[in-house]
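Biologist: I am new to this structure and would like to learn how its features are read. Could we go through them one at a time, starting with a pair of residues that face each other across strands?

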Amino acid sequence: MGSKLSPLLADLFMSDFENQAQKKKLFPRIWWRYVDDVFAPVKERYLDQTLSMLNSQHNTIKFTVEKEVEGRLPFLDLLISRKEDSTLKFGIYRKPTSTDRYITSDSNHFGAQKQAAFHSMAHRLFNVPMAKEEFEEEKDRIYSAAEVNGYDKPFVDKIIRKHKRKTQRNSITTLQPDTKEVKRVSLPFYPKITNPIKTTLHRQGLHVVHKSENTLRDLLCNLKDKVPPDEQSGIYQIPCKDCPAVYIGQTRRKVKVRIREHKNAVVSKKSNESSVAAHTVETDHEIDWGSAKIVKTTKRELDFTITSTVTQREKQFPFPTLQPKVVDSQQKGIPSTEHHKIAKR
């Protein structure tokens, strides 16, 4: 939340806080901090004094204490236990309210999104130094979570084998495979539409990742006043009233501004400024301005091209060859790139 600089500034502040606290006599000998969680063993008879010292360092920074119970103490997602010989052993900690509910197998999500939680658990399984008993206990928990969410045993077996091989490979060599810079494109997950596009983009060196277009945040949250669609940039369409032709255009300016320019070009018959005007000049048809609308709002240049392609494919139009066309407004100092296509409905 907030500015992108917030985590960096907070970390710098806490680093200075710790440097000042280290000069005090009661500062713990072991101090491991991750963001705002600290693991610091302190003798019980000095606990209150140490807490008072830390809380006196700054008037807005206040610490609380969580004591070990029966020799066990949770820290982040670890459960740290103290054995009889004073050595430590590690397990995986889950809150009592955990239900092991993740994306279910029958959910309309991309496969990688369904696997993500189990990849995370498998990665933790092989990278946390657990004893055999804790390892097997966590492994059984992963299989149980998969069953609760509708996945079968082979689904988990494949993920665990992958992480086991990776761990074994890393243990015998420090060499890493060459990795090329990956360019990613974000698309909504509509399998019948995006899968063919994904294959085409992959040949061009673009990796497709999917995003959800219908989230709880979009449905429930309204943090800002909504901007009317025609006040945004994106893909729009203008149909002809006398024939099935539809103009598919896109602009980085407000859509209503670009549509108004089309109207002016039609009135003045300036076919060189608008493909819609060219259509009316060639056919003497009338444009259905009342049905003109924005199809998809988008801002990034790459999203413009891809979204336009998806939009026309949804309408069963042939794939267009999208070429940028600089409109008059750019000559007035307003940057705008427009792609356009006249297609048959």
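Modeller: Let us begin with Tyr236, which stands opposite Ile294 in strand S10. Please keep in mind throughout that this is a predicted model.

Biologist: How many bridges join S8 to strand S10, and in which sense do the two strands run, parallel or antiparallel?

Modeller: The general idea is that strands of a sheet pair through backbone hydrogen bonds, either parallel or antiparallel. Here S8 is joined to S10, residues 293–297, by 4 bridges, and the two run antiparallel. S8 also pairs with strand S9, residues 245–251, again in the antiparallel sense, this time over 6 bridges, and within that pairing Gly234 has Thr251 of S9 as its bridge partner.

Biologist: What do S8 and S9 form, and how many residues lie between them?

Modeller: S8 and S9 form a hairpin, with 5 residues between the two strands.

Biologist: How many residues of strand S8 are buried?

Modeller: Strand S8, which spans residues 234–239, is mostly covered, since 6 of its 6 residues count as buried.

Biologist: What is the order of the strands in the open sheet of 3 strands?

Modeller: That open sheet has the order S3-S4-S5, with antiparallel pairing. Strand S3 (72–75) and strand S5 (88–92) stand at the edges and have a single partner strand each, so one side of each is left without a neighbour in the sheet. Direction ignored, neighbouring strands of this sheet are turned against each other by 25 degrees on average.

Biologist: Which residue of S4 is the bridge partner of Leu73?

Modeller: The bridge partner of Leu73 in S4 is Ile80, and S3 and strand S4, residues 78–82, are joined by 4 bridges in an antiparallel run.

Biologist: Which residues of the largest nonpolar core touch the most other members?

Modeller: A nonpolar core is read as a set of buried residues joined through side-chain atoms within 4.5 Å. The largest one has 17 residues, among which Phe118, Ile142, Phe155 and Val156 touch the most other members. Helix H3 (111–127), helix H4 (132–148) and helix H5 (153–172) each supply at least two residues of this core, and H3 gives the most, with 5 residues.

Biologist: With which residues is Val156 in contact, leaving aside its neighbours within four places in sequence?

Modeller: Once those sequence neighbours are left aside, Val156 is in contact with Ile142, Tyr143 and Ala146. There is also a second, separate core of 15 residues, which includes Cys240, Ile259, Ala277 and Ala292.

How values were computed:
Residues numbered from 1 in each chain as written. Predicted model: local features only at pLDDT ≥ 70, side-chain atom pairs only at ≥ 80, totals over all residues. Heavy atoms only, no water. Pairing = 2+ DSSP bridges. Axes fitted to C-alpha atoms, helices over the stretch in contact; angles between N-to-C directions. Buried < 20%, exposed > 50% of the residue type's maximum accessible area, 1.4 Å probe, protein only. Contact = heavy atoms within 4.5 Å.
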